[in-house]
Each structure stands twice: as C-alpha cells, then as structure tokens.
Amino acid sequence: MIMRMVFNKITLSFPEENEILFLKKYFADSIIQFRLAFLMVTILYGAFGYLDSIVVPEYANLFYIIRFYIVVPLLSFVILLSFTRFFSKIWQILLLISFIVAGGGISVMTMLVPENYAYYAGMMLIFSAGYFFIKLRFFLASIAGWTTLLIFNIGAVFYADAGSMILISNNFFFVSANLIGMFAAYNIEYFARRDFFMNQELDRQKVVLEEVNKNLEIRTKEIEQLSYIASHDLQEPLRTLTSFAQLIKEEYAGKLDAEGDKYIDFIYNSAGRMKEMVTGLAEYSYLGKASSKVSVDCNEIVKEALADLFDSIKTSHARISAQELPTIRGYQTEMRLLFQNLVINAIKFQKKGMVPEITISAEMRKKEWLFSVKDNGIGIDEKNKDKIFVIFRRMHNHSEYKGTGIGLAHCKKIVEMHGGKIWVESSPGAGSTFLFTIPK
C-alpha cells in the first residue's frame, strides 16, 4: 500500500521522525550552495560600500558601520561556523538572524535615502538571497522577509523624512517582492520534500518487495519440494502397484470371473495413468530449470519434433506442412517440446475417419513473432478455451481420448517462459488454431 504524504500545510513540516530525517538530508544537500551564496552576498554587501561615499557622503560613516561593523562580520562568522560540527543544529536560526540583520541594514539605508534606487537593488538582493539561494527554509524565510519589511516601515514612519507616496510605492514594491519570494520558496521546498518522501516511500516499497520475494522464494521451494515428492517418491509405490497388478493379472488370468478380471484391469490401468501423470508433473516442474536461451532455428526444431512423432504421424496418416519459420532467442529443448505437444494434440483430437491436416506457420509483428498451429480436428467449445491450459484439466473422457491433461499446460508454461502468450481460436467441429507469441 502506497503511503500518503503527511505534512503541515503552513510550515511544510513532516511528522517528527520524518522531519528529522528530512532536515539531515536537506542540510547535507544544501551546505555547499549555502556557503557559495553566503560568500557572494558578503562580498556584494561589502562592495556596495564603495558607492556610499560617492552617492550619499552625508551617511557614509553610518552606512560604513552597518556594513563593516555589523553585517559583513556576522555573515563572515556564519560562514566560518559552517565548518564546525554543531553547525547543522543551528544553521537555520543563524540564517534567519543573518537575513533579518542584513535586510534591516539595507532597510535603514533605503529609508534614509528613499530617492536613491541603488539601495532598492540592495533590498532585492537580500530578498532574492533569503528566499532562493542561502537555503533558508520557506517558513523562516517568510518570517525574516516580513520582519525586514516591518523594520523598514517603522523606520520610515518614525525616523525618516519620507513622503507618503514614496512610502506607499516602496511598500508596493517590497510587498510584491515578498509575496513572490514566499510562493516560489514554498514550491521549491514543497517539491524538495515531495522528492524526499517519494524516495523514502520507494525504499519502503523495496523492503516490502524484498520481503514478498523472500516469501515467494520460500513458497517456490516448498512447491518444488512437493513436486519432487510427487514425481520421485510416488514413483516407487506406483511401480510396486503396477507390478503387482501385472502379476495378479498374469497369475489369475482365466481363474476369475469376468467381474474379477475387470477389477484387475481397472487397477492396472489406473496405476498406469497415475504413473503417466506423475511423470508429466515431474517434466512440468523441470521445464526451464537446466536451460539457457540460445539462438533457435524453429525450422530445425519442428523437423526434430516431427521426427520424434514419426510413429504417431505414420499411424494416423497425418499430413503436416510447415511454412518458413524464424530463428528466435529461446530455450531449445522447450521449444521442441512446445511444437511436439501442439502437433500430437492436433493428431489426437481428431474426428473418426478423418486424416489430420496440420499447418505450422509464423508471422512477423513489430515486437514479436506470432506462431500458429492449425488443425482440422474436433474443435473446442468457447467455454473451455481457457480451461484446456490448466494442468490435469481434461475436457474428454479417458476412454475417448487418452492422455493426462498436461500437454497444453506444458505449452503455456513454455510460452510464458519466453515472455509470450498462448491462446486458441476454435469452434466445435471446425478445427482449432493454437496461436502463441515469442518476443523478438
């Protein structure tokens, strides 16, 4: 289940545990940018001091004290502290103080010389650095920005001779800058937090997936063990049962009545079918285990499969034609079994008195090959088209058509091993076309 991101809509803070983890990562990701930004602001703040004596000589001494006795030393001290171990615990508070002090200094300069727009640029520099570059968190940056604006307005009203129009225009300018900075900083931090949360959630999902895979491996081993027991440990008692049934059949042939002979035949035949099913189950469980993908020429594979079925083809007089088939990347032995099972299936499920006609072909698609094995057999009812691929699921009585009901389950597993799909198109009495895809 995917977790929902929980955070304070105003401060953007996570619940306590996640907030601690986020702040650690935020500091680690921000420290270099913070130092560069702070160094740049310090240099620019000091460099503008050269203009004070030229532009406003009457305030040059006061501005010099603000710049080089208060702001620049504070910013330089914070940069030096950033190389200490405990800086990560106090850095946001120090940035808040630095923003307010630097902004307050520019505010004093702006309110004393409101007609000089050079200091407005300085104020914008402080707002830009505070909201975007020094990595001060949104909520604290907003506090510092509005505090700076409050300092400017208090000074302009009570300590400076600024006209109301200048004050209004300045406020319009600075309030707009603050609002823009706030909304931008909010989004920047929100997306940083969202990325952190999504990465955390991805890590959590990986842990869950690893646990699921671990449990799946355990279940798979249990199933493999069960298959081994079914296919090996059951072979011995089945052989014993078959042997004794054969001995009884030979020993008491003609000595029992017709009902007795019928019971013995029933035991013998049932044991034989059970042995075939266990053997089929063993083969099913081993599919793909000892194989690796190689280049497979399907023309050669079909020839080998048909050679293995020589007796069945000869007995049924089946006519089989194979068109030009592609070379694929696959499991060689399994592909031979796939074609072999589909052909023997087409021969077996045939109308009485009819000669089986089977056509094998392939069609190239954009990302895969579409193979088809078409026959003129008894066909398949619509409701059974999915059931026929289920292991041991038989649609006909054993007396009508012999078999274990595992051949098409083999086919399905082999095709899915290759990353393809298998299905059938058919209707009763009209033959069947088995289609399967193999990726290129």
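**Ground rules.** I worked on a predicted model, taking local features only at pLDDT of at least 70 and side-chain atom pairs only at pLDDT 80 or more, while totals for chains, interfaces and linings use all residues. Residues are numbered from 1 along each chain as its sequence is written, and side-chain values use heavy atoms, with hydrogens and water left out.

**Helix α5.** I took helices (H or I, at least four residues) and strands (E, at least two) as DSSP runs, numbered from the N terminus. Helix α5 covers residues 118-133. Its 16 residues reach 21 Å from first C-alpha to last, close to the 22 Å expected at 1.5 Å a residue; the expected span is 1.5 Å times one less than the number of residues. I then looked up burial, where buried means under 20% relative accessible area, exposed over 50%, and partly exposed in between (1.4 Å probe, protein chains only). The buried residues of α5 include Tyr-119, Tyr-120, Met-123, Ile-126 and Phe-127. Just after α5, Lys-135 has a positive phi of about 70°.

**Salt bridges.** I counted a side-chain nitrogen of Lys or Arg within 4 Å of a carboxyl oxygen of Asp or Glu. By this rule I have 13 salt bridges.

Arg-137 and Glu-189 meet in one of them, at 3.2 Å from N to O. Arg-137 lies in the loop between α5 and α6 (138-158) and Glu-189 in helix α7 (residues 164-233), so the pair ties together parts 52 residues apart in sequence. Both Arg-137 and Glu-189 are buried. I also find these two in a salt-bridge network with Glu-19 and Arg-193.

Glu-357 and Arg-319 meet at 2.5 Å, N to O. This pair links strand β4 to strand β2 (residues 319-322), across 38 residues. Glu-357 is partly exposed at 38% relative accessible area, and Arg-319 is partly exposed at 49%.

Glu-416 bridges to Lys-412, with the closest N and O atoms 2.7 Å apart. The two are 4 residues apart in helix α13 (residues 407-417), so about one helical turn separates them. Glu-416 is partly exposed at 46%, as is Lys-412 at 31%.

**Strand β5.** Strand β5 (residues 368-374) is mostly covered, with 5 of its 7 residues buried. I took two strands as paired if DSSP finds at least two bridges between them. β5 pairs with β4 (residues 357-364) in the antiparallel sense over 6 bridges, and a hairpin of 3 residues joins β4 to β5. Trp-369 in β5 is the bridge partner of Met-364. With β7 (residues 432-439), β5 runs antiparallel over 7 bridges; there Ser-372 has Leu-435 as its bridge partner.

Ile-66 and Ile-106 are 40 residues apart in sequence and 8.7 Å apart in space, C-alpha to C-alpha.

**Cysteines.** I searched the whole structure for disulfides (cysteine sulfur atoms within 2.5 Å) and found 0. Cys-298 is buried at 0% relative accessibility, and Cys-411 is buried with a relative accessible area of 0%.
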